[in-house]
Amino acid sequence: MNRERAESYLRQLAEAELRRARTVPAARIRRPHNTAGLALAAQALVAVGAVDADTADQIRTDLELAVAVRQPGQENPARLMRGFSGRAGTTVALDQALSTGHARPAPHRASRRVVPVGKVIHFRDGDARHTLLVVAYLRSAGGARFIMAGGPAFRPLTAADDRGARYQISFRGRPDLAEFLLAPDPPSQIRWLDLITAPGEPATRIDLDPQIPAPDVTVTRKATSLGELLLDGIAARIFCSGAAAVPQYDPEQPPAGAADLRAFIGDGPGRIVAALHAAGALPPASPVPGQLAGLCTRTGIPGHGITAPPADLPEPWHSMLTRPRRLPQEAPTPAILAATVAELPELDGARITILGLHHSTIVGLHNSATQTIVHTLVTGVTAEDDWTYGRGVRPLPALWVRDSSGRWHATRTSGMMPSGNSGEVILWLEIVPPLDSGTAWIDLVATGRSAEVRVRLPLCWT
């Protein structure tokens, strides 16, 4: 990785845009220019740590100031033009945690306790019936809380432990994915908690000492560049758009939704690949740009902009494109759970703990859809700028899922919840396409710069 070359590349893009803007009559300039190419390149280079966010923002701001010189009413144009060199420009203050693109140190993990629960609680609120899914109990630097799902509405809850202490429960999150925080923090030695939904209602006992078999974890040393991981994330984003996940692709008949996918992707992949090569964040002989070009071509995105010739797809991508058509299944229950926990070895400073998995049906006005969500606790990461190909936090390993029938699935971020100043993030990942009900196990495969971690999670559906 060459940070100097990365910054020079961004400045060259800005200079090219400034030259282009000079050919446009001043009367036609309504607002400062900031091309999609410059924005995408800047965001990609920030994501891989080749350029810090302050520098990228300064280059964009300097370009806007330089273009603004041409608008009527601007004063002291020489002062504005000086800013384009990057030595006297105006910058927008950004969170320093986002400035390097590297992971922050993971917080001290004393007294961490992760317990799979996998209980479905039914309760009434007047005439309405509700369902809460208790995925896991978590006690960590972010406090003691239940990881919940599926509740259409929140109501005050209380809890009591095996020593007679009582706790108030507060809600944080959204109705379908949330944390229920206990106050005060229970001691680490308690054996169970009774969750009480309403006075007079029977309590649901949560066993905090279950027998948990250790999952099978395999670590394979494997060098993968940050640029390749970013391109893998773009592939996952294409699959999760829906248009690319159509089985049995027919080259003569592009998948439904290909036009929308083309409009979304555009020539972004080509611009990103060029920026990564310029910064040395992508090995010259890497096959991944060609693989991404092949994926774009096969999913009806011919204008992707990647100059590398299409290459054979890796196994997960090929499986996603050629998976057999889903047969009609019996309607699943409104919400079911697979109670499982696993802590993955650290990858690039990021540590991921699997808290559980739930599978539910979302009922709309005209149809219904199923979704599978993996609940995770992530430490050693920083929040990521909101951009087209972002995943919420970085560095986040490339995450793919292989089910017990041998089919592969992509993942995408469905939501995230930072836990105050603890350095922890609850990250909800959607598995696309959703798992079939009754799947016996899944392999979750996480790939970082130096290794690939594969953990097998048995799924005990309730």
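Predicted model: local features only at pLDDT ≥ 70, side-chain atom pairs only at ≥ 80, totals over all residues.

If you then colour by burial, 52% of the 462 residues count as buried. Among contacts between residues at least 6 apart in sequence, 65% join residues at least 24 apart.

Next come the empty spaces. Rolling a probe the size of a water molecule over the atoms shows where such space is left.

Select Gln 43, Val 46, Ala 47, Glu 384, Asp 385, Trp 387 and Arg 394, which line the largest cavity. About 50 Å³ of space lies in this cavity, and a search of the whole structure finds one cavity of 30 Å³ or more. Which helix gives the most to its lining? Highlight residues 36-47, helix α2, which contributes three residues. By class, the lining has three nonpolar, one polar and three charged residues.

Now move to the largest pocket, whose volume is about 390 Å³. Of the 19 residues that line the pocket, select Lys 222, Asp 232, Pro 314, Thr 447 and Glu 452, which lie nearest its centre. Then show the elements that each supply at least two residues of the lining, among them the helices α5 (226-240) and α9 (315-322) and the strands β19 (441-447) and β20 (451-458). Colouring the pocket lining by class gives 10 nonpolar, three polar and six charged residues.

Note on methods:
Residues numbered from 1 in each chain as written. Heavy atoms only, no water. 1 Å grid on protein atoms, 1.4 Å probe; cavity = no way out; pocket = protein on both sides within 12 Å on 5 of 7 lines; lining within 4 Å. Points joined across faces, edges and corners; volume = space filled by probe spheres on them. Helix = DSSP H or I, 4+ residues; strand = E, 2+ residues; numbered from the N terminus. Nonpolar A, V, L, I, M, F, W, Y, C, P; charged D, E, K, R; others polar. Buried < 20%, exposed > 50% of the residue type's maximum accessible area, 1.4 Å probe, protein only. Contact = heavy atoms within 4.5 Å.
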